[in-house]
Amino acid sequence: MQKILDAILAGEPGEVGSLPVPEFYRGVTLHADEVAMFDGLPGREKDPRRSLHLDEVATPEPAAGEVLVAVMASGINHNTVWSSIFEPLPTFGFLSRYGRTSPQAARHDLPYHVLGSDLAGVVLRCGEGVAAWSPGDEVVAHCLSVELHHPDGHADTMLDPEQRIWGFETNFGGLAELALVKANQLMPKPGHLSWEEAAASGLVNSTAYRQLVSANGAHLKQGDTVLIWGASGGLGSYATQLALNGGATPVCVVSSPQKAEVCRRMGAELVIDRAAEGYRFWKDEHTQDPREWRRFGARIRELTGGEDPDIVFEHPGRETFGASVYVARRGGTVVSCASTSGFQHTYDNRYLWMSLKRIVGTHFANYREAWAANRLIAKGRVHPTLSEVVALEDTAQAVHGVHHNRHQGKVGVLCLAPAEGLGVRDPELRARHEQAINRFRAGVRTAG
């Protein structure tokens, strides 16, 4: 592994194709025999530091259409949090079902699960039939793993019956020194970014692009008013940038003055600190409070000059969904992915059907959408929202922090990269955007 790293650090990544691949590598794992460890505990009390391990595991051989990548850096997403607390289901069920689909997929059904759905790194080996990539290519990966054996996936790969999220519903993920991906997950690494910056955007930027910009999502247009929950977080921070780039007006909802300031640094002018203004959308565990929906809607109109949101960018789920449906404008769209506060959504359907609103569900992105989102990063139109970087050894602690919403933007993980700031190939483009690249790094440590 050291010889591979030395070649990459020396600026000779093409040399890795002639170097031997290690038989074992380190990865952040879950263990199948521990899935019951949190039984009986509420979700907030489940501790990823107990369930996540840093293990040495066997290196998989890339099969047809697959690529083995030396992972320089990765990132933490909410699917790693869900995996680590075995919610809504232990991921070993995903691996088992995938393993039954083909002999190639059977390699994923193991008593351990290497997690992680982001990476930036260097191609080491290519399986049979891989033509677009070669050893030494510097790449980032999106997390759509798809088989495309069924016609339903060929108009939109996200509709393929065998669509899965790599590192969550498949094995050999990116929180590791090596990772196994399908060749059609790879995209060029933006040259002006460091390894950890490049790794930060894959999942969340692509997800936000489909959810907000794509015709498969809300189909953002110039002049739209967009309510963005968690606007300084991993997903919302990209939605805020995409809204601004597209000529829309984001209304950013955050939970602290520090997060409000981050939104303003991105260029957003309309910000609601929901904690400071005391919004409580639930009277108790079972009863929502429509008066708070109305108070929240009035605050949005106050900021926008009387306009309701054309689009509500939803991802908290249970806690906010009733309010989201209420505040969307007549004929507006609530576009939903994920449910970080709970998967069971309750809302008053009168505000949906009588006002002709739409709820659109989206999930990650297809290859074309992910490529378009990465292109915006590469051109310096959208910037990484990296707030903190930890070593691979400290991943469990960082996941614990994300579980408790102590982060803003994205938390990066150094895998093979020995330090931050390495891997920049286009210093001139970087110099033009240095301030924007680092705007999430201005705060104090948040993820621990």
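Student: Which residues is Glu 177 in contact with, leaving aside its neighbours within four places in sequence?

Tutor: In this predicted model, Glu 177 is in contact with Met 1, Tyr 25, Arg 26, Val 69, Ala 70, Val 71, Leu 392 and Leu 416, once neighbours within four places in sequence are left aside.

Student: Where is Glu 177 found, and is Glu 177 buried or exposed?

Tutor: Glu 177 is found in the loop between strand S8 (164-165) and strand S9 (178-182). With a relative accessible area of 10%, Glu 177 is buried, since buried means under 20%.

Student: How should I read the space inside the structure?

Tutor: Rolling a probe the size of a water molecule over the atoms shows where empty space is left. Here the structure holds two cavities of 30 Å³ or more.

Student: Which residues line the largest cavity?

Tutor: The largest cavity contains about 80 Å³ of space. Its lining is made up of Glu 66, Tyr 98, His 108, Ser 145, Trp 166, Thr 170, Asn 171, Leu 180, Val 181, Lys 182 and Gln 185. Strand S9 gives the largest share of this lining, three residues. Sorted by class, the lining has four nonpolar, five polar and two charged residues.

Student: What is the volume of the second largest cavity, and which residues line it?

Tutor: The volume of the second largest cavity is about 50 Å³. Val 140, Met 187, Ser 201, Gly 202, Asn 205, Ser 206, Ala 370, Ala 373, Asn 374 and Ile 377 line this cavity. Helix H7 (202-213) and helix H13 (367-378) are the elements that give two or more residues to the lining, and the largest share, four residues, comes from H13. The class count is five nonpolar, five polar and no charged residues.

Student: What is the volume of the second largest pocket?

Tutor: The second largest pocket has a volume of about 250 Å³. It is lined by 16 residues, and the closest to its centre are Gln 104, Val 146, Glu 147, His 149 and Lys 182. The lining divides into six nonpolar, six polar and four charged residues.

Student: Which residues does Leu 242 touch, not counting residues up to four places away in sequence?

Tutor: Leu 242 is found in helix H8 and is buried, with a relative accessible area of 5%. Beyond four places in sequence, Leu 242 touches Asn 205, Ala 208, Tyr 209, Leu 212, Val 213, Leu 220, Leu 376 and Val 382. Sequence distance and spatial distance can also be set side by side: Leu 242 and Ala 373 are 131 residues apart in sequence and 9.4 Å apart in space, C-alpha to C-alpha.

Student: Which residues of helix H9 are buried?

Tutor: In H9 (residues 257-266), Lys 259, Ala 260, Val 262, Cys 263 and Met 266 are buried. Seen down the helix axis, these buried residues fall within an arc of 155°, so they line one face of H9. On the other side of H9, Pro 257 and Gln 258 are exposed. The cover over the buried residues includes helix H8 (236-245), strand S12 (249-254) and strand S13 (270-273). Just after H9, Gly 267 takes a positive phi of about 110°.

Student: How many disulfides does a search of the whole structure find?

Tutor: A disulfide is a covalent bond between the sulfur atoms of two cysteines. The search finds zero disulfides here.

How values were computed:
Residues are numbered from 1 along each chain as its sequence is written. This is a predicted model: local features need pLDDT of at least 70, side-chain atom pairs count only at pLDDT 80 or more; totals for chains, interfaces and linings use all residues. Side-chain values use heavy atoms; hydrogens and water are left out. On a 1 Å grid over the protein atoms alone, a cavity is a set of points where a 1.4 Å probe fits but cannot get out, and a pocket is an open set with protein on both sides within 12 Å along at least five of seven lines; lining residues have an atom within 4 Å of a point. Grid points are joined across faces, edges and corners, and a volume is the space filled by probe spheres set on the points. Ala, Val, Leu, Ile, Met, Phe, Trp, Tyr, Cys and Pro count as nonpolar, Asp, Glu, Lys and Arg as charged, and the others, Gly among them, as polar. Buried means under 20% relative accessible area, exposed over 50%, partly exposed in between (1.4 Å probe, protein chains only). Contact means heavy atoms within 4.5 Å. A disulfide is a pair of cysteine sulfur atoms within 2.5 Å. The arc is that of the directions from the helix axis to the C-beta atoms.
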